[in-house]
Amino acid sequence: MKQSKQITYEHDTNWRTLELIPPTIATRLEELLQNAYAPYSNYPVSSIVVLDNGEIFVGTNQENAAFPSGMCAERVAVFAAQSAWPTTPISSIYIMTGETEREPAAPCGACRQVLHESEYRQKEPYNLYLLNRGDVLLRFKGVQDLLPLSFSLPTS
Ligand code: THU
């Protein structure tokens, strides 16, 4: 039997002029790009996680000479948030790349799995914003639209 799943997201090419992102978040994401440690890829990425209680956690990609030892920006931010507030739901995550010409980065497979677990854990979807430093924004209403056929283990 043939089956299909559809993903849905908004694609905007003018997030700055439409002010689709809170200005404080946008400024912080841009500043954070300077904190990325990306000497091997020269591809800085920044991330901000906003929790339901208003707390904010940041992350940048942290690379390593032993390549697999590095970490993507969004995983740094999500793990920091969940370490501080393990039961507080995430309301939004923002991920910005330093580029202006190419599309925003779509999270890698490992990050999608981590994001999925965080959503599964809180049992409610959260907003995902993928931005480049130019004007392009992809808006998702939940991780299911990034990873439609996901892996979970029963936890209760
Ligand atoms: N990277 C991230 O931090 N997040 C993404 O969503 C895509 C990719 C990082 C991993 C690596 O440090 C660099 O960007 C690309 O090689």
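**Around α3**

I started just past helix α3, where lysine 123 takes a positive phi of about 60°. I kept in mind that this is a predicted model.

Next I checked the helix itself. α3 covers residues 109-122, and at 1.5 Å a residue its 14 residues should span 20 Å. I found its end C-alpha atoms 20 Å apart, which agrees.

Which residues of α3 are buried? I noted Cys111, Val114, Leu115, His116, Ser118, Glu119 and Gln122. I then looked at what these buried residues pack against, and got α2 (73-84), β4 (90-97) and β5 (127-132).

**The ligand**

I listed what surrounds the ligand: Ser41, Tyr43, Val45, Asn61, Glu63, Cys72, Ala73, Glu74, Ala105 and Pro107.

Then I went through polar side-chain atoms facing ligand oxygens. For glutamate 63, a side-chain N or O atom is 2.5 Å from an oxygen atom of the ligand. Asparagine 61 has a polar side-chain atom 3.0 Å from a ligand oxygen. For glutamate 74 I read 2.6 Å, again from a polar side-chain atom to an oxygen atom of the ligand. How much of the ligand's accessible area does the protein cover? I got 77% of the 380 Å² that the ligand has on its own.

**Salt bridges**

I searched the whole structure and found four salt bridges.

Arginine 139 and aspartate 12 meet through their side chains at 3.0 Å, N to O. Arginine 139 sits in strand β6 (residues 137-140) and aspartate 12 in strand β1 (residues 10-12), so this pair ties together parts that are 127 residues apart in sequence.

I then looked up glutamate 30 and arginine 133, whose side chains form a salt bridge at 3.4 Å, N to O. Glutamate 30 belongs to helix α1 (residues 23-32) and arginine 133 to the loop between β5 and β6, so the pair links parts 103 residues apart in sequence. Glutamate 30 is buried at 19% relative accessible area; I noted that the cut-off for buried is under 20%. Arginine 133 counts as partly exposed, at 33%.

I also have glutamate 99 with arginine 102, a salt bridge at 3.5 Å, N to O. Glutamate 99 counts as partly exposed at 22% relative accessibility, and arginine 102 as exposed at 51%. Last, I checked for shared partners: salt bridges join Arg16, Glu30 and Arg133 into one network.

How values were computed. Residues are numbered from 1 along each chain as its sequence is written. This is a predicted model: local features need pLDDT of at least 70, side-chain atom pairs count only at pLDDT 80 or more; totals for chains, interfaces and linings use all residues. Side-chain values use heavy atoms; hydrogens and water are left out. Helices (H or I, at least four residues) and strands (E, at least two) are DSSP runs, numbered from the N terminus. The expected span of a helix is 1.5 Å times one less than its number of residues. Buried means under 20% relative accessible area, exposed over 50%, partly exposed in between (1.4 Å probe, protein chains only). Contact means heavy atoms within 4.5 Å. A residue is near a molecule or strand if one of its heavy atoms lies within 4 Å of it. A polar contact is a pair of N or O atoms within 3.5 Å; within protein, one must be able to donate a hydrogen and the other to accept it, and residues adjacent in sequence count only if both atoms are side-chain atoms. Accessible areas come from the Shrake-Rupley method with a 1.4 Å probe; for residues, only the protein chains shown count as cover.
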